[in-house]
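Keep the structure open while reading.

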Amino acid sequence: MVVLAGRRRMKRLGVSFLAALGVLMIGCTPSHPQSTFDPLGPVAESQLDLFWIIFGVGAFIFVAVEVALIYAAVTFRRHNEDVPRQTHGNNKLEVAWTAVPILILAAVAVPTIMTIFDNTNPPVSADEAAVVVDAIGHQWWFEFRYPHPDDAGKQVVFANELHVPVGETVIVRLASDDVIHSFWVPKIAGKVDMVPNNDNSLWLQADQAGTYSGQCAEFCGVAHAIMRFTLIAEPRADFDAWLRLQSTPPPEYTDPLVQEGKEVFRASGCSGCHDTNPVMNLGPDGASLMGRFGPNLAHLASRSLLAGGAFDNRDDLGQVNASLFQANVRSWLEDPEDAKPGNLMVRRAAVYIDPAKELNEAELSALVIYLTRLK
Ligand SMILES: [Cu+2]
């Protein structure tokens with residue numbers, strides 16, 4: 001009986017161990033879009049270097065303590081019934097185990113503080129930076145505003161996608177429209193909090209062209225988990241062309257269905273929360289002004305993510321796909337609560353809270369067609 005129970009316990013232990021190992025091994029997938037162990041920019045690299053220094057010191061101390069412990073346990077184990085020699089106090093030892101940790105912590109503080117300062121202070125001034133972008137956190141999406149390429153008094157407004165020229169220093173000024181959010185692109189830079197009425201900023205640089213995942217890293221309410229964005233690092237010429245395109249209004253179409261969608265957009269109150277003009281004036285002091293409540297939709301159909309990452313519009317090759325986009329926009333408008341529980345559109349827009357104003361199928365189709373043309 002006793003033997004059987006012991007075996008069963010061993011078996012249970014074995015199964016638990018394998019389950020735990022399995023869970024840990026999920027971390028080993030080759031696809032790791034948000035891994036900080038694969039840094040591709042100087043800020044993320046310096047943070048990883050610091051991590052390894054602290055980890056190395058910690059690992060050394062762990063091994064040293066374990067070795068001392070095992071040595072003591074083996075060497076001084078009870079040999080016979082005699083009471084061993086008793087010691088009370090040891091000044092040398094006590095001074096040593098107070099002073100050594102102080103020295104270790106002081107040594108670790110040097111690279112830590114250096115990294116904090118390097119990450120806080122951009123290597124170039126705001127005038128010399130490639131771009132100074134305003135990033136504004138909203139529940140639950142990111143807004144990005146760029147200086148207008150031709151007009152210093154204006155800004156180009158975009159959402160959920162941050163474009164930067166590859167290999168150049170970009171300064172991101174962080175703000176929040178409501179609660180505290182945090183800006184983080186694990187492979188490139190972050191995390192720095194976006195605090196209401198507080199001017200935080202960070203700098204970043206992407207060493208390789210590519211698409212990187214970013215996300216809010218500070219719990220900010222029910223839909224926090226679906227508050228993501230993409231950072232797209234592209235060659236200078238592509239970046240300039242992109243910004244120029246973003247600064248123009250979306251094309252006008254004469255197609256009657258598009259016109260109808262545009263009318264529904266106005267009549268159903270969508271335009272009360274969503275601007276379709278991508279350009280905003282700056283305030284008299286050069287600061288960003290408050291925009292509308294929801295994301296700017298001027299070039300919505302060219303974005304990789306919809307509704308803060310509730311939908312991904314990209315195909316397997318990473319390109320925004322028009323039919324995927326169309327299907328996603330339809331799902332979003334049909335049931336925003338299902339796509340992103342608790343989001344502020346479904347809680348506040350008249351078409352979702354007032355049954356009398358609910359969109360019918362014809363209106364929905366026209367809206368989808370119209371939004372698909374906002375490129
Ligand atoms: Cu958040």
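Two strands pair if DSSP finds at least two bridges between them. Helices (H or I, at least four residues) and strands (E, at least two) are DSSP runs, numbered from the N terminus. By that pairing rule, E1 and strand E2 (residues 141–147) run antiparallel and are joined by five bridges.

The model is predicted: local features need pLDDT of at least 70, side-chain atom pairs count only at pLDDT 80 or more, and totals for chains, interfaces and linings use all residues. Residue numbers start from 1 along each chain as its sequence is written.

**Overall shape**
- The chain holds eleven helices and 13 strands.
- Its radius of gyration, taken over C-alpha atoms, is 28 Å. A compact globule of 375 residues would be near 21 Å, by a rule of 2.2 Å times the number of residues to the power 0.38.
- The C-alpha trace spans about 100 × 65 × 35 Å along its principal axes.
- Buried residues account for 30% of the 375 in the chain. Buried means 20 or more other C-beta atoms within 10 Å of a residue's own, exposed means 12 or fewer, and partly exposed lies in between; C-beta atoms are placed from the backbone.
- Take contacts between residues at least 6 apart in sequence: 66% join residues at least 24 apart. A contact requires C-beta atoms, placed from the backbone, within 7 Å.

**Domains**
- The chain divides into domain 1 (35–70 + 92–121) and domain 2 (131–372). These bounds come from an automatic or database domain assignment.
- The domain centres, taken over C-alpha atoms, are 39 Å apart.
- Nine residues of domain 1 contact ten residues of domain 2.

**Strand E1 and its partners**
- E1 (residues 131–138) is mostly covered, with six of its eight residues buried.
- E1 pairs with strand E5 (residues 170–176) in the parallel sense, over seven bridges. Asp134 stands opposite Arg173 of E5.
- On E2, Phe144 is the bridge partner of Ala135. A hairpin of two residues joins E1 to E2.

**Helix H11**
- H11 (residues 361–372) has twelve residues and reaches 16 Å from first C-alpha to last. That is close to the expected 16 Å, which is 1.5 Å times one less than the number of residues.
- Its buried residues are Ala366, Leu367, Val368, Ile369, Tyr370 and Leu371. Their cover includes helix H5 (256–267) and helix H7 (322–334).

- Most residues other than glycine have a negative phi, and most peptide bonds are trans.
- Gln139 to Trp140 is a cis peptide bond, with omega near -5°. Trp140 lies in the loop between E1 and E2.
- Gly190 and Lys191 are also joined by a cis bond, with omega about -15°. Lys191 lies in strand E7 (residues 189–194).
- Asn197 has a positive phi of about 55°. Asn197 is exposed, with 6 other C-beta atoms within 10 Å.
- Ala307 has a positive phi near 55°. Ala307 is buried, with 24 other C-beta atoms within 10 Å.

**An exposed loop residue**
- His79 is in the loop between helix H2 (42–75) and helix H3 (91–120). His79 counts as exposed because 7 other C-beta atoms lie within 10 Å.
- The C-alpha atoms of His79 and Leu374 are separated by 84 Å.

Note on methods: Two residues are in contact if their C-beta atoms, placed from the backbone, lie within 7 Å.
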